Amino acid sequence: QVQLVESGGGLVQAGGSLRLSCAASGSIVSINAMAWYRQAPGKQRELVAIITSGGSTNYEDSVKGRFTASRDTSKNTLDLQMNSLKPEDTAVYYCTADLTVYTGRGATRRDYWGQGTQVTVSS
């Protein structure tokens, strides 16, 4: 059973910082990419940051210079350091991973999602 477990959300004042963590566990052969998405109330889910298997990182324009994504390949973890938070960053943040995993019939590649963690930034 493959799982993604997020932690680190919470309530913070504007200008503050939070660090989100995501840990992937289970019968993982390889991690092809990991990413953070977020979904604010009444809005579509949007990509915040993505790290490819090669280590390249891309960010949504509104978080560039404020958010930093990092991976620990030895631990299968993905962190998101969020600084200078704004009220418009308020959302549920989801970790996702493009994984190759062992199944009963060999290996298969698919996307997995965490349960989400709430980030609330007060003004």
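**View 1. Thr 100 is buried, with a relative accessible area of 16% (buried means under 20% relative accessible area, exposed over 50% and partly exposed in between, with a 1.4 Å probe and protein chains only).** The model is predicted: local features need pLDDT of at least 70, side-chain atom pairs count only at pLDDT 80 or more, and totals for chains, interfaces and linings use all residues. Residues are numbered from 1 along each chain as its sequence is written, and side-chain values use heavy atoms, with hydrogens and water left out. Thr 100 lies in strand β9 (strands are DSSP runs of E, at least two residues, numbered from the N terminus). Its side chain makes a polar contact of 3.3 Å with the side chain of Asn 32 (a pair of N or O atoms within 3.5 Å; within protein, one must be able to donate a hydrogen and the other to accept it, and residues adjacent in sequence count only if both atoms are side-chain atoms).

**View 2. The open sheet has 4 strands in the order β1-β3-β8-β7, with antiparallel pairing (two strands pair if DSSP finds at least two bridges between them).** β1 (3-7) and β7 (67-72) each have a single partner strand, so one side of each lacks a neighbour in the sheet. β7 pairs with β8 (residues 77-82) over 6 bridges, and Phe 67 stands opposite Met 82 in β8.

**View 3. The largest nonpolar core holds 31 residues (buried Ala, Val, Leu, Ile, Met, Phe, Trp, Tyr and Cys residues joined through side-chain atoms within 4.5 Å).** Trp 36, Val 48, Phe 67, Leu 80, Met 82, Tyr 93 and Leu 99 touch the most other members. β9 gives the most to this core, with 6 residues.
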